[in-house]
Amino acid sequence: MTDHAWDVDFERIVRQALTALPAGEPLRGDADLGALGLDSIKAIQLLFALEDAYGIEVPDRVLEASLFATPRNLWEVVRSLGAGGDTPADETGQHAEV
């Protein structure tokens, strides 16, 4: 049983940024992304990859170190901005802000 509810695309994208996570090792929701190889450059690349994949824009006001602390933190922001259909886009195509 896994401790997360994210989709396979999210896990694939996050795993690409984690050089220290072995391929067969599960990605836990509370995993320390920094300890798994996520540095500041990879965090920016990861953010852009998630925004592109999910058609979202993460507001500057939520961009802080804790966002990139765990996969669960990242997923909560991605999900709240529209992944999984929880927050539909408005008439302009914009997703609700976190």
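Tutor: A residue is called buried when its relative accessible area is under 20%, exposed when it is over 50%, and partly exposed in between (1.4 Å probe, protein chains only). This is a predicted model, where local features need pLDDT of at least 70, side-chain atom pairs count only at pLDDT 80 or more, and totals for chains, interfaces and linings use all residues. Residues are numbered from 1 along each chain as its sequence is written, and side-chain values use heavy atoms, with hydrogens and water left out.

Student: Which residues on the other side of α2 are exposed?

Tutor: Ile-41 and Asp-52 are, so each has a relative accessible area over 50%.

Student: What makes the buried residues of α2 lie on the same side?

Tutor: The buried ones are Ala-43, Leu-46, Leu-47, Leu-50, Glu-51 and Tyr-54. They lie on the same side of α2 because they cover an arc of only 130° around the axis, taken from the directions from the helix axis to the C-beta atoms.

Student: What covers the buried residues of α2?

Tutor: The cover includes α1 (8-17) and α3.

Student: How are α2 and α3 packed?

Tutor: Helix α2 (residues 40-54) and helix α3 (residues 71-80) pack at about 35°, with axes 11 Å apart. Leu-46, Leu-50 and Tyr-54 of α2 meet Leu-74, Trp-75 and Val-78 of α3; contact means heavy atoms within 4.5 Å.

Student: Why are the residues in this contact classed as nonpolar?

Tutor: Leu, Tyr, Trp and Val count as nonpolar, so the contact has six nonpolar, no polar and no charged residues.

Notes:
Axes fitted to C-alpha atoms, helices over the stretch in contact; angles between N-to-C directions. Helix = DSSP H or I, 4+ residues; strand = E, 2+ residues; numbered from the N terminus.
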